[in-house]
Amino acid sequence: TDTLLEVNSLKTYYATKTGYVKAVDDVSLFLDRSKVLGVAGESGCGKSTLVTTIFRVMPRNARVVSGEIKFKGQDLLKMDLKTFRKEIVWKDMAYIPQASMDVLDPVYKVKDQMLETILAHEDVSRAEAMERIYRTLESVGVPQEKADMFPHELSGGQRQRVVIAMALLLNPSMIVSDEATTALDVITQAKILELMKSLQESRKFSMMFVTHDLSLLANVSDSIAIMYAGKLVEFGDVEKVFSNPLHPYTQLLIKAIPDLRVRKQKKLVAIPGFPPDLENPPKGCRFAPRCPLAMPVCSEREPEFARVEGFHYVACHAVNRK
Ligand code: ATP
Ligand code: MG
């Protein structure tokens with residue numbers, strides 16, 4: 001296979017007054033070229049920490065304790081930060097963050113900010129750049145005249161489309177979307193998701209799509225990574241994960257998805273309990289305190305992240321014992 005991004009044994013911790021929040025704790029995954037990786041897990045499980053580590057925009061108190069992030073074979077964490085920002089970010093991998101205003105500068109008109117992004121990375125004429133800006137805005141369904149507006153003059157959905165256009169501007173190999181649609185109403189959310197998927201199919205970039213809502217991932221992803229409390233608990237082919245979820249946590253997440261095809265709604269199962277404190281995570285498996293299948297070994301020894309068959313990995317004593 002043709003791997004574009006490879007995260008190996010990544011640990012990102014936050015320093016606090018009392019210790020370390022182990023937000024990403026030994027996570028390994030990969031994303032192939034022209035494929036979509038969906039990353040899901042409850043609020044606070046470390047999804048955004050993973051993304052901000054990849055783009056090296058973590059909060060000041062964050063530290064990469066160990067691991068590597070290989071993009072096209074090069075370890076991004078070892079790259080000089082200035083070079084990384086000039087040569088890689090926007091140009092070869094772009095980031096659609098949880099809040100669109102993190103990307104859009106309120107004092108710039110849409111077109112001026114897009115122009116600056118192009119001119120900072122490429123040696124093209126203004127006219128050529130403007131032509132590309134209008135074309136890209138059109139491809140995401142934003143009328144040309146909106147280019148003259150300031151971000152606050154746009155609706156939430158339009159702003160999100162502008163950020164998607166920004167991400168597409170330099171034709172990157174990978175786009176990472178962190179809850180890009182979460183703040184929008186359900187209809188707009190579905191439209192933007194559809195837009196991103198169709199752009200991904202026509203332009204063939206790789207996409208990492210991060211959400212707390214596993215149900216969004218079924219129709220857009222090729223592979224799925226499930227995080228729980230800073231750990232990757234399951235990773236595999238989308239069909240395998242949805243038709244044969246192996247980790248008890250994944251099974252509960254899937255049960256919690258409302259089935260829209262069935263008229264009589266199945267009873268939604270909320271997962272009892274809360275995720276653990278990431279400063280003092282439980283010994284053994286971090287899910288053990290909430291797990292319906294927990295055995296004595298689960299609270300003693302951490303389960304190995306192991307391949308079950310084909311492209312399907314899980315970290316669970318109950319599964320790997322068999
Ligand atoms: P959500 O779905 O709510 O966006 P998430 O999966 O993206 O959640 P993160 O934002 O990565 O989760 O946070 C992971 C953990 O790290 C959480 O326990 C959070 O409280 C903690 N955390 C995040 N930022 C900091 C920080 N700057 N200092 C200390 N702890 C932090
Ligand atoms: Mg987040």
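This report describes a sheet, a ligand shell and a nonpolar core in a predicted model.

**The sheet**

The sheet is open and is built from 8 strands, in the order β6-β7-β8-β3-β9-β10-β12-β11. Its pairing is mixed. At the edges stand β6 (93-96) and β11 (306-307). Each of these has a single partner strand, so one side of β6 and one side of β11 lack a neighbour in the sheet.

Within the sheet, strand β9 (residues 223-228) runs antiparallel to strand β10 (residues 231-237), and 6 bridges join them. Across this pair, Met-227 stands opposite Leu-232 in β10.

Helix α8 (residues 248-255) has Pro-248, Tyr-249, Thr-250 and Leu-253 as its buried residues. The buried residues of α8 pack against β9 and β10, and also against α7 (238-243).

**The shell around ligand 1**

Ligand 1 is surrounded by 17 residues. The closest are Tyr-14, Ser-43, Lys-47, Ser-48 and Thr-49. At least two residues of the shell come from β2 (20-32), and at least two come from α1 (47-54). Helix α1 gives the most, with 3 residues. By kind, the shell holds 6 nonpolar, 9 polar and 2 charged residues.

**The nonpolar core**

The largest nonpolar core has 85 residues. Those with the most contacts inside this core are Ala-165, Val-176, Met-208, Ala-225, Ile-226 and Val-233. Helix α5 (residues 156-168) gives the most to the core, with 7 residues.

Val-162 is found in helix α5. Is Val-162 buried or exposed? A residue is buried if 20 or more other C-beta atoms lie within 10 Å of its own. Val-162 has 26 C-beta neighbours inside 10 Å, and therefore counts as buried.

Notes: Residues are numbered from 1 along each chain as its sequence is written. Chains are lettered from A and ligands numbered from 1 in the order in which they are written. This is a predicted model: local features need pLDDT of at least 70, side-chain atom pairs count only at pLDDT 80 or more; totals for chains, interfaces and linings use all residues. Two strands pair if DSSP finds at least two bridges between them. Helices (H or I, at least four residues) and strands (E, at least two) are DSSP runs, numbered from the N terminus. A residue is near a molecule or strand if its C-beta atom, placed from the backbone, lies within 6 Å of it. Ala, Val, Leu, Ile, Met, Phe, Trp, Tyr, Cys and Pro count as nonpolar, Asp, Glu, Lys and Arg as charged, and the others, Gly among them, as polar. A residue is buried if 20 or more other C-beta atoms lie within 10 Å of its own, exposed if 12 or fewer, and partly exposed in between; C-beta atoms are placed from the backbone. Two residues are in contact if their C-beta atoms, placed from the backbone, lie within 7 Å. A nonpolar core is a set of buried Ala, Val, Leu, Ile, Met, Phe, Trp, Tyr and Cys residues joined through C-beta atoms within 7 Å.
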